[in-house]
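Dear colleague,

Please find below the structure that I am handing over to you, together with its sequence. My notes on what was found in it follow directly after.

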Amino acid sequence: MTYVSSSFCSGGQCWSMMSRPDRCTESLRTNVTREECCSDGSATTAWSPKDLTSGDLFFWMSLGGGVTCKACKVSCEGVRCGKGMRCILRKQRPACVCSPACSRKKRQMGEVCGSDGRTYKHMCRLLKRQCRKNKQLTVEYFGKCQKTCDKVHCAGRKTCLLDQVLRPHCVRCQGYCPRGSVGEYVCGADNVTYSSSCHIRQAACAKGKAVPLAYRGKCKAGASCENIRCRKGQSCLIDPKGGPPRCVTCPNQCNVPKTTMLCANNNYTYSTWCHMIQDACKHGILLEPKYEGPCEETTSQQTNIIPLNVFDSQDHL
C-alpha cells in the first residue's frame, strides 16, 4: 500500500488499474498530472483529478470501495503490451492478451515437451502458456514427454539426462572444467570424490543421470551427519540405503506449481518433489523418487497422497 504526505497536493492520483468500473484501489503515484500518469502506455492505468491526504486515501482504498477514477486509455491506440501480446477491446476497454508470433511451420513441427513435463500439441500452444502462466517455460525436446531417455532425440549437441526427479532433459554437456575449479572437492551421492562441482556435472552427462552432491570436500570413510559439515541453511539427511549422508537445503514452504506426482522410496505419493524433500527434512532421512506418478497400491502398503501440508507421523519411514 502506498502512503502519501498529509499535505494537500495540487496534482492527481495515478492508479495501476481499476478494481471495478470507475473505481481504483491500487495507487501508483501521487501528485501527478493526467499526462504524466498516462504516458506509460499501459492498458490498465487510470487517473483521478484530486490528490488525497493519507487519511482519506486509506479510507477510500480500504473501506470506501475505492476512489472514483477514469481509465487512461479507451482504445488500443498508444497501448504498449510487450513481447508476445497484443491489445484488444474487452468490454469497451483495452486489454493486453497473449498472442505469440507463431508461423505455420511451428505448428507443423508437431508435439513438443515443455520444461514443466507437459506435452503440447505444437510450439504455439507452449508459447501461449508461457505467456499466460509461466514465463520460465521452455521447450525441452520435440515429441511427447518421455519417462526415460530412450526415445528422446535432443537437438544439436545436447545430450539427454535424467534429473533427480527421473525426468529427461536435453542439456549441453560441458566439454572441460576451468582450471581454477580443480581442488574444490565435492563428494557425490555415489560416494566418489570429484575435483569440483563442474566435474560432477561432467560425470552426470557421461552416465546420463544426475549425480547429486552429497557434501563438500573429499568423501570420508565412515562419513555421518556427526562428522561432516553442511553449509548454513542446509540439513544433513541419513541415506537409509547406506550411501553417504546428504546435505540438503530444506524448503520452508512449497510454493511451486503442481506437476506430476511422485512415488518416493518410502512408497508414499507426494504432490511435488518439494513436498518430498520437505518431509525428508522433517524426519532427517533421505527420500528419493522411485518413479513419476502415484505409488501403485499393494496388499502390504497402501498408497497415500501427500497434500500441500505434509504429515507429522514417522511410522511411514
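R129 and D116 form a salt bridge, with their closest N and O atoms 4.0 Å apart; the term denotes a side-chain nitrogen of Lys or Arg within 4 Å of a carboxyl oxygen of Asp or Glu. This pair links distant parts of the chain, since R129 is in helix α4 and D116 is in the loop between β10 (112-114) and β11 (119-120), 13 residues apart. Helices (H or I, at least four residues) and strands (E, at least two) are DSSP runs, numbered from the N terminus.

Before I continue, two remarks on the basis of these notes are in order. The model is a predicted one, in which local features need pLDDT of at least 70 and side-chain atom pairs count only at pLDDT 80 or more, while totals for chains, interfaces and linings use all residues. Residues are numbered from 1 along each chain as its sequence is written, and side-chain values use heavy atoms, with hydrogens and water left out.

Salt bridges

R129 is partly exposed, at 27% relative accessibility, whereas D116 is buried, with a relative accessible area of 16%. Here buried means under 20% relative accessible area, exposed means over 50%, and partly exposed lies in between (1.4 Å probe, protein chains only). D116 and R129 also belong to a network of salt bridges that includes R118. Across the whole structure, the search finds 6 salt bridges.

The side chain of E288 meets that of K241 at 3.2 Å, N to O. E288 lies in the loop between α6 (273-283) and β22 (289-292) and K241 in the loop between β18 (234-237) and β19 (246-249), so the pair ties together parts that are 47 residues apart in sequence. E288 also forms a salt bridge with R246, the closest N and O atoms being 3.3 Å apart. In this second pair, the loop between α6 and β22 is linked through E288 to strand β19, which holds R246, 42 residues apart. The accessibilities of the residues involved are as follows: E288 is partly exposed at 21%, K241 is exposed at 61%, and R246 is buried at 5%.

Surface patches

A positive surface patch is formed by R86, R107, K121, R125, K128, R132 and K133. Patches are made of residues with over 30% relative accessible area and no salt bridge, like charges being joined within 9 Å and nonpolar side chains (Val, Leu, Ile, Met, Phe, Trp, Tyr) within 5 Å. Lys and Arg count as positive and Asp and Glu as negative, with His and the chain ends not counted. Helix α4 (residues 123-132) contributes the largest share of the positive patch, 3 residues. Another member, R107, is placed in helix α3 (residues 104-108) and is partly exposed, with a relative accessible area of 46%.

A nonpolar surface patch of about 420 Å² is made by F58, F59, W60 and L63; accessible areas come from the Shrake-Rupley method with a 1.4 Å probe.

C131 and G84 are 47 residues apart in sequence, while their C-alpha atoms are 7.1 Å apart in space.

Annotated span and backbone

The unreviewed UniProt entry carries the annotation "domain: TB" for residues 12-49; such annotations may be inferred rather than shown by experiment. The end C-alpha atoms of residues 12-49 lie 4 Å apart, and the span is 11% helix and 47% strand.

Most residues other than glycine have a negative phi. Against that background, N31 has a positive phi, near 55°. N31 lies in strand β4 (residues 27-32) and is partly exposed, with a relative accessible area of 39%. N191 likewise has a positive phi, of about 65°, although it is not a glycine. N191 is in the loop between β15 (186-188) and β16 (193-194) and is partly exposed at 46% relative accessible area.

With kind regards

Technical notes:
The place of a charge is taken as NZ of Lys, CZ of Arg, CG of Asp or CD of Glu.
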